[in-house]
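This report is meant for someone meeting the structure for the first time.

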Amino acid sequence: MSLIAITEVRKRFGDNEVLKGINLDVEAGEVVAIIGKSGSGKSTLLRCINGLETIDGGSIMVAGAHLAPDDAHLRALRLKVGMIFQSFNLFPHLTAGRNVMLSPMVVKKVSAKEAEAEARARMEQVGLGHKFDAYPDELSGGQQQRVAIARALAMQPLALLCDEITSALDPELVNEVLQVVGKLAGEGMTLMMVTHEMRFAREVCDRVVFMHQGRVHEIGPPAEVFANPKTPELQQFLGML
Amino acid sequence: MIQFSTWDILRNLLFAAEWTILLSLVAFVGGGALGLIVLFARTGRSTLLRRVSILYIELIQGTPLLMQLFLSFFGLALMGFDVPPWFAAGLSLTLWTSAFLAEIWRGCVEAIPRGQWEASSSLAMTYFEQMRHVVLPQALRIAVPPTVGFSVQVVKGTALTSIIGFVELSKAATMITNATFQPFLVYGLAALVYFALCWPLSKSSQILERKLNVAHRNH
Ligand SMILES: Nc1ncnc2c1ncn2[C@@H]1O[C@H](COP(=O)(O)OP(=O)(O)OP(=O)(O)O)[C@@H](O)[C@H]1O
Ligand SMILES: [Mg+2]
């Protein structure tokens with residue numbers, strides 16, 4: 001059974017139907033890239049999977065559990081699925097290490113000592129062991145985003161949702177973040193990532209989802225999707241790049 | 001008739017000013033605690049609590065403090081609770097302070113970027129955990145100057161309680177005036193005492209604001 005099962009998901013903001021019946025199954029360990037034009041609903045889809053937006057129709061299941069909008073279900077879901085944002089969203093009043101330790105301590109009631117050991121390991125994993133005591137505003141954008149990844153990993157999620165996590169970075173900082181993500185993919189982490197990094201999508205992802213006007217317009221392994229786009233919309237989108 | 005020297009007058013005013021200070025402290029501490037509860041209701045997820053807290057804030061902000069004093073003093077008496085002036089004064093000032101502080105603090109909570117809420121949500125924190133560990137520590141920094149600034153309003157607000165017979169600085173000034181027939185001197189001195197209480201507060205609010213703006217980093 002799929003780790004993430006998205007069935008006929010609909011979402012509207014007022015009169016604007018942003019997701020018009022999305023069907024997508026993601027297997028454990030799979031890395032899925034989501035591409036598409038601005039406004040096609042990529043972010044909204046990820047936000048629905050994490051319960052940051054409620055859905056108006058259809059269903060989302062993660063590891064066999066239904067997504068329901070009550071607090072207990074949301075919490076259970078978010079323990080399984082982490083999310084990384086374009087704008088890092090580190091907590092500025094806490095050091096990098098404390099950022100990583102906070103949620104395990106508060107949510108999972110892990111002791112400070114255990115949480116610190118876990119946080120140090122995660123900071124090592126993203127190559128920032130030496131920045132444990134630095135505050136977010138003392139770090140570069142790329143470093144902040146790696147801390148955000150470490151922070152999500154410390155909750156030991158089954159899957160990570162990444163929404164354009166390199167879009168806010170200076171070009172020379174993009175690679176250090178992509179390397180971390182690539183390593184996670186290699187280690188078997190399930191990833192759904194909205195990205196404009198086509199080379200990365202081609203090299204690292206198992207499947208590419210092309211979204212267009214609130215629907216999954218085309219889907220397939222990167223070799224196929226990039227080499228022979230079937231629909232004119234995808235051809236045009238790839239031509240645009 | 002007894003003669004009052006200026007020193008006598010000042011001494012009596014200072015003695016009464018202790019009650020002004022005490023009442024201000026009660027209102028500020030009590031109002032702060034209650035204001036925090038109202039803040040949670042106002043910014044929380046329950047629609048009912050949000051509506052109730054908005055109504056509470058609007059009722060208190062939309063009526064004169066004087067009416068609230070009358071209502072708690074005479075209203076409670078009508079309901080059969082014979083309350084002394086100090087109780088009615090403390091109660092209405094506490095309620096009044098809580099509504100204003102809740103509203104000031106709501107502004108500070110809403111100034112925290114949405115990304116902070118989303119990141120902490122995605123880390124499975126509950127609303128209380130988000131407030132406690134992520135939002136309030138950041139909001140506190142911007143809340144300090146306006147909160148200290150508002151304490152000046154609380155001190156000045158205590159003057160109104162003289163009307164229901166609570167003997168604080170203003171009431172004492174009126175009583176001394178009635179005995180000395182020197183209203184200008186007495187009220188002038190009383191005003192100076194108020195100024196001595198309020199000026200350091202508004203000044204420190206300004207200084208704090210400047211400091212917190214310069215120290216952009218809060219660690
Ligand atoms: N909170 C919201 N309220 C109203 N409309 C929204 C909201 N969030 C998104 N939308 C609308 O939904 C549509 C899809 O937005 P979404 O952010 O999912 O697009 P996207 O594919 O991520 O685009 P981009 O590449 O620009 O990030 C857009 O038309 C947007 O205006
Ligand atoms: Mg987006």
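## Terms for reading the strands

Two strands are said to pair if DSSP finds at least two bridges between them, and the strands themselves are DSSP runs of at least two residues, numbered from the N terminus. The model described here is predicted.

In strand S9(A), the bridge partner of Val32(A) is Arg207(A), and S3(A) pairs with S9(A), residues 207-212, in the parallel sense over 5 bridges. S3(A) also pairs in the parallel sense with strand S8(A), residues 190-194, here over 4 bridges, and within S8(A) it is Met193(A) that stands opposite Ala33(A).

## An open antiparallel sheet in chain A

Chain A also contains an open sheet of 4 strands, arranged in the order S2-S1-S4-S5 with antiparallel pairing. Strand S2 (16-26) and strand S5 (65-66) of chain A each have a single partner strand and stand at the edges, so one side of each is left without a neighbour in the sheet. Strand S4(A), residues 57-62, is joined to S5(A) by 2 bridges, the two strands running antiparallel, and Val62(A) stands opposite Ala65(A) in S5(A).

Glu8(A) lies in strand S1 of chain A, which covers residues 4-13. When its neighbours within four places in sequence are left aside, Glu8(A) is in contact with Gly21(A), Ile22(A), Asn23(A), Gly57(A) and Gly58(A). Glu8(A) and Leu161(A), by comparison, are 153 residues apart in sequence and 19 Å apart in space, taken from C-alpha to C-alpha.

## Annotated spans in the two chains

An unreviewed UniProt entry gives the annotation "domain: ABC transporter" to residues 4-238 of chain A. That span is 40% helix and 26% strand, and its end C-alpha atoms lie 27 Å apart.

For chain B, the annotation "domain: ABC transmembrane type-1", likewise from an unreviewed UniProt entry, covers residues 17-205. This span is 83% helix and 0% strand, with its end C-alpha atoms 22 Å apart.

## Chain B as a whole

How many helices and how many strands does chain B have? Chain B has 8 helices and 0 strands, so that, read from the N terminus on, its elements run α-α-α-α-α-α-α-α. Its C-alpha atoms fill a box of roughly 75 × 50 × 20 Å, taken along the principal axes. Among the contacts in chain B between residues at least 6 apart in sequence, 74% join residues at least 24 apart.

Of the 219 residues in chain B, 43% are buried. The accessible surface of the chain comes to about 11600 Å², and carbon and sulfur atoms account for 72% of that surface. Chain B carries 15 positive and 10 negative side chains, and the centres of these two sets lie 9 Å apart.

How values were computed: Residues numbered from 1 in each chain as written. Chains lettered and ligands numbered in written order. Predicted model: local features only at pLDDT ≥ 70, side-chain atom pairs only at ≥ 80, totals over all residues. Heavy atoms only, no water. Buried < 20%, exposed > 50% of the residue type's maximum accessible area, 1.4 Å probe, protein only. Contact = heavy atoms within 4.5 Å. Areas by Shrake-Rupley, 256 points an atom, 1.4 Å probe, with all protein chains shown as cover. Lys, Arg positive; Asp, Glu negative; His and termini not counted. Charge placed at Lys NZ, Arg CZ, Asp CG, Glu CD. UniProt positions renumbered as here; feature names shortened; annotations may be inferred.
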